[in-house]
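Let's take a walk through a protein chain together, one step at a time. Keep the picture in view as you read.

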Amino acid sequence: LSLKQLASRKVKLVQLLASTVGIVIGCLLGMVPLLFMDPEERQLQEVFSILDADGNGRIDKTEMIKLVNSSEQLMGESAAKVIVQVLREFDEQVFDFKTFVKFMKEVEKREIKAREHVKFVRFLSDSFVR
């Protein structure tokens, strides 16, 4: 296009609309994977992302144990004990997201009361989202 054409109002309007449509389509495409995640896994992904402070996709086991021990009062003593016990039984020293999901499912299998489990996840979310 010539400089005169580029300066015209119609071209500027088309550029604005095209960029807006491009951004909207990009956002929608970026959210498509969320449609296929169940809500619990989505929440676990958020918690995992928070715990993964350096963003390398892994969480150190000893840091998780320290976190649970330090927040025992908020989540309840029995829940904290079960969580630490399950953590110690896992062979992995570093948790990726897949291992973290297995860990959380094992915690649930141990029949932690639903309130305590939800309290634990909420505590993690509330403590680290800020």
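**A guided tour of the chain**

Ile25 has a relative accessibility of 44%, so it counts as partly exposed. On this scale, buried means under 20% relative accessible area, exposed means over 50%, and partly exposed lies in between, with a 1.4 Å probe and protein chains only. You will find Ile25 in helix α2, which covers residues 9-35. Helices (H or I, at least four residues) and strands (E, at least two) are DSSP runs, numbered from the N terminus.

Before going further, a word on what you are looking at. This is a predicted model, in which local features need pLDDT of at least 70 and side-chain atom pairs count only at pLDDT 80 or more, while totals for chains, interfaces and linings use all residues. Residues are numbered from 1 along each chain as its sequence is written, and side-chain values use heavy atoms, leaving out hydrogens and water.

Together with Val21, Leu29, Val32, Leu35 and Phe36, Ile25 makes a nonpolar surface patch of about 650 Å². Patches are made of residues with over 30% relative accessible area and no salt bridge; like charges are joined within 9 Å, and nonpolar side chains (Val, Leu, Ile, Met, Phe, Trp, Tyr) within 5 Å. A salt bridge, in turn, is a side-chain nitrogen of Lys or Arg within 4 Å of a carboxyl oxygen of Asp or Glu.

Now step back to the whole chain. It contains 8 helices and 2 strands, and from the N terminus on they run α-α-α-β-α-α-α-β-α-α. The radius of gyration (taken over C-alpha atoms) is 22 Å, well over the 14 Å that the globule rule gives for 130 residues, so the chain is more spread out than a compact globule. That rule is 2.2 Å times the number of residues to the power 0.38. Along its principal axes, the C-alpha trace spans about 75 × 25 × 25 Å. The accessible surface of the chain comes to about 9300 Å², and 58% of it belongs to carbon and sulfur atoms. Such areas come from the Shrake-Rupley method with a 1.4 Å probe; for residues, only the protein chains shown count as cover.

What lies inside? Of the 130 residues, 30% count as buried. The largest nonpolar core has 29 residues, and Val68, Ile83, Leu87, Phe100, Phe103 and Phe120 have the most contacts inside it. Helices α3 (39-51), α4 (61-70), α6 (77-89), α7 (97-109) and α8 (114-129) each supply at least two residues of this core, with α6 giving the largest share, 7 residues. A nonpolar core is a set of buried Ala, Val, Leu, Ile, Met, Phe, Trp, Tyr and Cys residues joined through side-chain atoms within 4.5 Å.

Which residues does Phe100 touch, not counting residues up to four places away in sequence? They are Leu44, Val47, Phe48, Leu51, Ile59, Met64 and Phe95. Contact here means heavy atoms within 4.5 Å. Thr99 lies in helix α7 and is buried, with a relative accessible area of 10%.

Finally, visit helix α6, where Arg88 is placed. Arg88 counts as exposed because its relative accessibility is 57%. Leaving aside neighbours within four places in sequence, Arg88 is in contact with Lys61 and Ile65. Gln85 is also found in helix α6, and its relative accessibility of 42% makes it partly exposed. The C-alpha atoms of Gln85 and Cys27 are separated by 41 Å.
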